[in-house]
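Here are my notes on this structure, written as numbered points. Keep the picture open while you read, and look up each residue as it comes along.

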Amino acid sequence: MRAVSRFESNLLRIVYGIVGQAPRAEVVPLVLREMEPPRGLSRDAVDLVQDALAKGCVRLLARGGWRRERFLRGDQPVEGRLWQRTPPGELALSFSRNAMELLLWMTSRNPADREEAWRPRSRTPPTTGDRLLVFLAYRALRGTSVGDGLRHRAPWAGHALCRLAFADDFAESPSREPIDWRPWMTGTGACVVEAFQHELADHWVRMERRKGELSRAAEMLAIGDAQQRVLDSFFDALEEHGRRDLSRFALMTAERLLRREPRAETWFARLNVGGLTVGQRAGTYRAALAFLRALERLEHWQRQALAVGYFDEGYAASQLWKSDWERFDGDRCLNSARAIVRRADPM
């Protein structure tokens with residue numbers, strides 16, 4: 001039987017919460033409580049943390065990667081569940097001492113109101129596992145005072161997956177630093193993005209539907225700007241690395257939002273534009289429809305894919321893109337999006 005101290009017990013409970021194995025209501029008070037950390041953790045505690053991360057992260061990726069889908073491996077589409085598309089050895093996540101130091105900081109300090117923030121060690125580059133843990137920590141605690149504190153600080157403020165999944169959360173504290181997508185375009189990082197495609201679509205659908213509840217033009221402008229910046233940056237990275245298939249969540253989002261031909265007013269039903277000039281009103285509406293306008297980039301990829309011949313380089317990847325475009329009714333979604341943008345233009 002393993003024995004751990006009170007501090008170690010709290011740390012373990014926080015880990016379980018981060019990987020979705022403990023209720024958030026139990027975890028938040030532990031994160032907010034400050035405790036003096038021990039000089040070192042027991043071997044039993046370290047083993048339990050490693051076990052929790054190993055099983056918890058695998059469970060999360062399996063939850064998103066169980067569907068039989070096609071994604072690129074090299075320049076060829078491969079079908080199957082996540083662990084069938086990629087050899088298990090290439091799916092392994094490793095964690096450096098950065099991960100343990102992050103957990104120690106969250107257990108001993110109050111991230112919501114303390115000036116001293118945690119940062120990865122400069123001499124220990126974060127691994128994919130470390131980066132995933134940072135994302136999961138924010139994902140587990142967003143919407144709480146802890147999450148509000150984290151999103152204003154590095155490494156969360158510039159974290160690629162945090163910004164992509166929760167663009168509206170970072171609208172009030174925008175980071176102008178370029179987003180580093182490289183860890184998520186190849187290897188295990190790309191597999192993580194594949195596994196989160198359906199969850200990303202869920203978040204973007206909620207983001208878009210929430211706009212209909214907004215009344216302040218400034219808030220709408222901030223959210224639209226944050227969405228546009230993260231999508232432009234993400235799409236640029238996909239083009240550079242030849243991974244347009246990782247934007248599938250955007251097609252899924254569009255199909256779900258536009259399947260019933262919604263009216264333009266759906267996006268700004270409660271928006272107060274009184275007192276705004278015509279130009280300011282146009283800018284606000286443009287921000288409200290940032291996601292719909294981003295579909296033009298995906299349609300450009302579709303036109304490029306249609307032009308790729310059988311003997312041309314990238315033919316298999318272009319076929320996969322055309323299949324996704326047809327599967328999610330891209331032409332109808334694009335036409336619907338364009339009609340909404342036209343109706344919303346006060347100019």
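1. Let's start with charges. Lys and Arg count as positive and Asp and Glu as negative, while His and the chain ends are not counted. The place of a charge is taken as NZ of Lys, CZ of Arg, CG of Asp or CD of Glu. On that basis, the protein has 55 positive and 46 negative charges, and their mean positions are 3 Å apart.

2. A word on what you're looking at: this is a predicted model, where local features need pLDDT of at least 70 and side-chain atom pairs count only at pLDDT 80 or more, though totals for chains, interfaces and linings use all residues. Residues are numbered from 1 along each chain as its sequence is written, and side-chain values use heavy atoms, with hydrogens and water left out.

3. Now the overall build. The protein has 16 helices and 2 strands; these are DSSP runs (helices H or I, at least four residues; strands E, at least two), numbered from the N terminus. The C-alpha trace spans about 65 × 60 × 35 Å along its principal axes. Of the 347 residues, 51% count as buried, where buried means under 20% relative accessible area, exposed over 50% and partly exposed in between (1.4 Å probe, protein chains only).

4. Contacts next, meaning heavy atoms within 4.5 Å. Among contacts between residues at least 6 apart in sequence, 74% join residues at least 24 apart.

5. Have a look at Arg73, in strand S1 (residues 69-73). Arg73 counts as partly exposed because its relative accessible area is 22%. Leaving aside neighbours within four places in sequence, Arg73 is in contact with several residues, including Val78, Leu82, Cys191 and Arg243. The side chain of Arg73 also makes a polar contact of 2.8 Å with the side chain of Thr86. (A polar contact is a pair of N or O atoms within 3.5 Å; within protein, one must be able to donate a hydrogen and the other to accept it, and residues adjacent in sequence count only if both atoms are side-chain atoms.)

6. Asp169 sits in the loop between helix H8 (160-165) and helix H9 (187-195). Is Asp169 buried or exposed? Its relative accessibility is 15%, so Asp169 counts as buried. Its side chain joins that of Tyr138 through a polar contact of 2.6 Å, and that of Arg142 through one of 2.8 Å. Arg151 is among the contacts of Asp169 too.

7. On to the helices. In helix H13 (residues 278-288), the buried residues are Ala282, Thr284, Tyr285, Ala287 and Ala288. They pack against helix H10 (197-210), helix H11 (217-241) and helix H14 (290-306). Ala254, in helix H12 (residues 248-258), is buried because its relative accessible area is 2%. Not counting residues up to four places away in sequence, Ala254 touches Phe291, Leu295 and Cys333.

8. Finally, some backbone details to check. The peptide bond from Ala154 to Pro155 is cis, with omega near 5 degrees; Pro155 is in the loop between helix H7 (145-150) and H8. Glu261 is not a glycine, yet has a positive phi of about 50 degrees, and is found in the loop between H12 and H13. Asp329 also has a positive phi, near 55 degrees, and lies in the loop between helix H15 (315-327) and helix H16 (330-343).
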